Amino acid sequence: MAKPTPDRCHELLATPVQSLKGVGPQLAEKLARMGIETLLDLLYTLPNRYEDRRNFIKIGSLAENRHEVFFGEILASGEVLTSRS
């Protein structure tokens with residue numbers, strides 16, 4: 001398979017979304033209302049609740065009522081049995 005040229009890539013990204021399988025006139029109209037008319041528009045449209053998970057926050061710097069990404073190591077785990085009163 002030949003490597004696509006930059007002109008060919010720009011041409012493909014300018015293709016209307018309706019050329020995709022499953023995107024008919026009604027869905028294309030809904031997407032157009034959201035500003036999505038080409039494949040390029042579709043690629044750059046992020047979900048409403050997009051979370052950038054590339055940058056971790058230190059656990060001590062986490063803030064209340066915010067969605068943030070952190071990592072840690074679980075050093076121990078187990079079950080705790082409690083009695084019901």
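Which helix holds both Arg-33 and Glu-29, and how many residues apart are they? They sit in helix α2, which covers residues 25-33, with a spacing of four residues, or about one turn of the helix. Keep in mind that this is a predicted model.

The side chains of Arg-33 and Glu-29 pair up in a salt bridge, at 3.8 Å from N to O. Arg-33 is exposed, at 61% relative accessibility, while Glu-29 is partly exposed, with a relative accessible area of 48%.

## The other two bridges

Searching the whole structure turns up three salt bridges. Another one links Arg-8 to Glu-11, with an N to O distance of 2.8 Å. Both of these residues belong to helix α1 (residues 6-13) and are three residues apart, again about one turn of the helix. Arg-8 has a relative accessible area of 38%, so it counts as partly exposed.

Then there's Glu-68, whose side chain meets that of Arg-66 in a salt bridge (3.7 Å, N to O). Arg-66 is exposed, with a relative accessible area of 56%. Glu-68 comes in at 21% relative accessibility and is partly exposed, because the buried class is kept for values under 20%.

Most residues other than glycine have a negative phi.

Where does Asn-65 lie? You'll find Asn-65 in the segment after α3 (39-43). Asn-65 is also exposed, with 80% relative accessible area.

Notes
Residues are numbered from 1 along each chain as its sequence is written. This is a predicted model: local features need pLDDT of at least 70, side-chain atom pairs count only at pLDDT 80 or more; totals for chains, interfaces and linings use all residues. Side-chain values use heavy atoms; hydrogens and water are left out. Helices (H or I, at least four residues) and strands (E, at least two) are DSSP runs, numbered from the N terminus. Buried means under 20% relative accessible area, exposed over 50%, partly exposed in between (1.4 Å probe, protein chains only). A salt bridge is a side-chain nitrogen of Lys or Arg within 4 Å of a carboxyl oxygen of Asp or Glu.
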